[in-house]
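Q: Hi! I have a structure open and would like to go through it with you. Can we take it step by step?

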Amino acid sequence: MTPTTNTGTETGSAKPPGTGAGEGRDEVVLDSTPGASATTPPTPPAAPPGLRPVELSRWAWRQLTSMRTALVLLFLLALAAVPGSVVPQRDVDALAVGQWQDRHPALTPLYEALGLFSVYESVWFSAIYLLLMVSVVGCFVPRLRIYWRGMRARPPRAPRNLSRLPHSRSFEVDGPAPEALERSVQVLRSKRYRVDSADRLGDGGDVAGERGYLREAGNLLFHAALLLVLAGFAVGNLYGYKGGVIVVSGQGFSNSLSQYDDFAPGSMFDVEDLAPFNLDIDDFDVQFLREGPQAGMPVDFSADVRYRERPGAPERRHDLAVNHPLSLDGGNVFLVGHGYAPRVTVRDGEGHLAYRGPVIFLPQDSTFASFGVIKVPDAMPEPLGFEGLFLPTYGFSMETGPVSRFPDALDPVLSMLAYRGDLGLDTGAAQSVYELDKAKMEKFRAGDGGDFRVDIALGQTKQLPDGAGSITFDGLDRWVKLQVSDTPAKWLALGGVVLALVGLLGSLFIRPRRAWVRVTRRDGRTLVEVAGLDRTPGGDLAEEVDDIAGELGARRPEADERKMHP
Amino acid sequence: MTAQDFAALSNTAIAFAGVVYVLAFLSHLVEMTFGRRVPTAADRRVHAGEGTAHEQSERPGSVATLPPTTTGAEVAAVRTETFARIGVALTVVAALLHALALVTRGLGAEPARVPWGNMYEFSVAGTFGVTALYLLLLRRYRLRWLGPVVTGFDVVVLMLAVLLLYEDAGPLVPALNSYWLVIHVVAAIIATGAFTVGGMASLLFLLKQRAVAREQQGRVRGTGYVARLPEPAVLDRVAYRMHAFGFPIWTFAALIAGPIWAEYAWGRYWGWDPKEVWAFITWVAYAAYLHARATAGWRGRSAAIIALVALATLLFNFIGINFFFGDSSQHSYAAELIVEHPPEDRAYSGFG
Ligand code: HEM
C-alpha cells in the first residue's frame, strides 16, 4: 500500500487562507452523511448505566476504547516514561543504581517497591501500554468493519442545495445536458474519484464522486502496525540476551556464561542456547588526535579479530570497530570500549614469583587515567594488594598530584599504594576484581611515616619496605570491552515501524473528499453546479472545485469572486 | 583553503548571519509598529488577503502614485508592506550566510564531515532548519506573520549557541562516524524544525484566540502584532500542517533510523537510555496532539497546548539531557566520551 493517490501532500499545494472547510462544519456534515465517517470514534455515554454486569462491562469497554481514553493513556504513557530517565535503571547501568541506593538509603525501599529502578518492566508501566494496546484493538475492530462497509458503499447522493456546501461554483455551458453529465463523469474519474451517477432528472441529473478511501486504510494500518512493533519488542526482550566482557588484546573469548563479566538474559532465554562461537583479539589499534583543540580525542579504533562460528568451523577474520560489529548466527559482537592492562610481576618476601600478568585498569576520564587493583593472595609471608592509578602519559602538579596528560601511552606510569594482610577472599562472598577490600589490610608506610607510594615507569621495579617483596611494571597491553547480544524478532519490530510509517503517511496526507456535479436544463440553457466537501480539515478544496469546474467549461474565477469561507 | 580557514570562515559567517537576522527582526518590528493601529473592517481585508497589498506594491512607483483619496490606513499598509519585504529579504540573506556557515563548518573539520557533531553545531543546523522551512513555505502558506518570531528565535538561539556552546571544529568521535549519523540527524533536524515552526504557530494561535475572544467581549481592542495575525483557524491549520509534516519524519528519525544506528553501534536497538526515553516521550506527545485534533472537546486550545508541551519535551531532550544527564546518556553530545567510556564499564561486579 502506498499513499500515492493523486491528492497531493499537505505541503504540496497552495491555498489561500480561509478557503479550507470549517472543521466544525465538516464534522457536522460528516455525521449526517450516511455510511460516512469511519474516523468518527465511538463516543462514550455520559454516565454509567445501571449496575447490571453485562451493561457495566459494555460501558467499561466503550470507555476503554474511546478516543478520549486513548488520549489519556497516551499522556500517561509519556508521563510514566519520565522517571526512567531520572532514576538510574538497572538494565541500563546497574552500578549507578547501586551508587544511587548508597546515597539515598531512606528512599531506596520506597523506590524499590514502586519499581522505579526498572520502570520499563514495572507493573504500572506495562499496565499502561497493555491497556493502550487493548484500546487500539477495541478501536481497530469496529473501525475495520465500518471501513469495509464504507469501501463498498456508493458515494453518497448530492445534497439538495449544492450552493450551501463550503465550496461550490455554478455556471452555464453550451450543449445539451446529457453531454455535460457524461463529461462530468469523465472529469471526476480522471481525478480518481469513484463515481456514481444515479439520479437522472429529466434531461439533467447528478453525479456523485468520492475519493481518498486509503486514508482510513492508512490509519488502520498504522494502529495495527503498532501491535506488531510491540510484539517484536516483547519477543526481543524475552528471548534475547546481552552480555559484556573485557578481553585483553592477545587473549580470547568463548561464548559461554562463565566467561562474561556481566550478563543480562531475557526472562525466557535459555543459557544452553548461547551460540558456541569463540574469538581471539589479535591486535587492538587506537589513534588519538595529537594536536589541535580536540587533542586527545580518539579518531579511530579497531580490533583485529580471529573467530570460529562453532568449534571446528573454519577460522575467519574480522576488523571489529565501532559501527562495524561482527554479526554471527545467534549473537552479534560489538566493540564498546577499550582501556589499558599493564603487565606486572610481583615477587613476595621470600623472592618467589607470586603474580605475573596483565591487570585490567578501568578508565576514569577522557585522559584515560585508569583505576585498578592487583591482588596477590599467594604472596608469602603475607598476601599483598595494590590499588591506584595507571597514567598513560604521566604528569604531576602540586594541586592535582599525579595525572595523565594524554590518553595515549606516551609515558606510562603506575602510581599505586601497597597493602598487606587479609584480602578477604576466603569469606565466600563475591568480590569485584576492581575493588580491594582493605578492611583487614594494612597500608605500607614510607620511612618518613607517610604513605609508601609505588610510582613506576615502564620497565621499572620497586622494592616494598621491610623486604616484603617487589613489583615490576613489565609491559603494557590494551583491552577491549566487547558486548555480545542477540535480539530476536528485531525484523518484526523494524517491519512494524516501517509499516506504521507507511500507514501514517497515508493517514496524514491522503485527503478523502467528495464532489458533486448537478446538471439542469433551465430556459433552454444548461446549468452546471459543482460542489465539494473535504472530509478532513484543511484541504485545498477550493482549487479542486475550480479545477473541476474549469474542465467542465467554466471560466477561471477571479480570486475575489471565489466564494470565501474564512 | 585549509581546514582552519574554513573553520574561521564559518565563525565569521555565523556572526554575520546573526547580525543580519537582527536587522531582519528589527525590520519586522518596524512593520509591526506601522501596523500598530486598530485595523478597521475595511483595512483588515487589505492585509488579511495580503494579496491586495502585495499587488499594490508590486506596481512600480506605487507609493508615489497613490490616488489622492489615499487614507492613512492605506499609507500605513504600504509602509508595512515595504518593511515586511525588507524583513523577508534580510532573512533570505541571513539564511544564505547561515548555510555558508554550516558548509564551511563541515569543511573546517579534518577530515571534512557533516556539520552536526556537537551541541553547537546541532543548534546552528537546527536554527537553519527552522529558517529554511519558514522561507520555503513562506509563499505557499503566506507565513509572513511568522517573520518576527522566526528571526527573533534565530537571534536568540544563535547567540546562546555562540556564547555557551561553542566548540572548535574537529573530527567526530568514532561512535558518530557513520552514515546513519547523516540520515538520523538530518531527519531529526528537519522534524525539529517543523515542530518548532508548528509550535510557534500553535503559540500564536493561542494568543490570537484569546485576543479574538476579548475583542468579542468588547473589552480590549486588539492592536499590534497579534491583531495583525491571520484568523485563529488559519493559524491552527498552519500548525497542524507543520506538525503533520514533522511527525512522520520524527517517527523515522527516532523510531527507525535511531534504533538501526544504535543496533550497529551498541548492539541494542532500544535501550531506554535517557535520550531515547525522551525521544519516545516526544513521539507519544505528538501522537496525543494528532489525536486531540480528532477528539471533540480537545481540538483548538487543548490541542495547541499539547503541541507546546510536546515541543517542550523535544527541547528538553536536546538541552536538558545533555546537561543534566551528560554522563549517563550514551547519546550525550556534551560529554567528550561516547563509546570510549560507556556506563557499563563501571558496572563490573561479581563474577570477574
Ligand atoms: C499506541 C497508541 C496510539 C498511537 C501511538 C496512536 C497514534 C495515532 C496517530 C499518530 C494518529 C494520526 C494519524 C491521523 O491524524 O490521521 C492517530 C489517529 C487516530 N487514532 Fe490513534 N494512536 C494510538 C491509539 C489509538 C487508540 C487506542 C484509538 C482508539 C480509541 C485510536 C484512534 C485513532 C483514530 C480514530 C484516529 C484518526 C483521527 C483522524 O481521523 O484524524 N488511536 N493515532
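A: Happy to! One term to start with: domain bounds come from an automatic or database domain assignment. For chain A, that assignment gives domain 1 (1-40), domain 2 (168-211 + 515-564) and domain 3 (339-482).

Q: How far apart are the centres of domain 2 and domain 3 of chain A?

A: The C-alpha centres of those two domains of chain A lie 89 Å apart.

Q: What sort of model is this, and how are things numbered?

A: This is a predicted model, where local features need pLDDT of at least 70, side-chain atom pairs count only at pLDDT 80 or more, and totals for chains, interfaces and linings use all residues. Residues are numbered from 1 along each chain as its sequence is written, chains are lettered from A and ligands numbered from 1 in the order in which they are written, and side-chain values use heavy atoms, with hydrogens and water left out.

Q: What is the mean pLDDT of chain B?

A: pLDDT is the predictor's confidence in each residue, from 0 to 100. Chain B has a mean of 79, and 76% of its residues reach 70 or more. Residues 37-68 of chain B stay under 50, and the model has 36 contacts for them beyond four places in sequence (contact means heavy atoms within 4.5 Å). Residues 332-352 of chain B are also below 50, with 71 contacts beyond near neighbours in sequence.

Q: And the complex, what ipTM does it get?

A: The predictor gives an ipTM of 0.81, along with a pTM of 0.80.

Q: New topic: which residues come nearest to the ligand?

A: A residue is near a molecule or strand if one of its heavy atoms lies within 4 Å of it. There are 26 residues around the ligand, and A:Ser135, A:Cys139, A:His223, A:Ser507 and B:His291 come nearest. The site is shared between chains because residues from chains A and B surround the ligand.

Q: Which element gives the most to the shell around the ligand?

A: That is α7(A), with 6 residues. Helices (H or I, at least four residues) and strands (E, at least two) are DSSP runs, numbered from the N terminus.

Q: Where is the cis peptide bond?

A: The cis bond joins A:Met380 and A:Pro381, with omega about 0 degrees. A:Pro381 sits in the loop between β15 (370-376) and β16 (384-391) of chain A.

Q: Last one: is A:Asp523 buried or exposed?

A: A:Asp523 counts as exposed, because its relative accessibility is 72% (buried means under 20% relative accessible area, exposed over 50%, partly exposed in between, with a 1.4 Å probe and protein chains only). The loop between β24 (513-522) and β25 (525-534) of chain A holds A:Asp523, whose phi is positive, near 50 degrees. By contrast, B:Ser27 is buried, at 5%, and lies in helix α1 (residues 3-34) of chain B.
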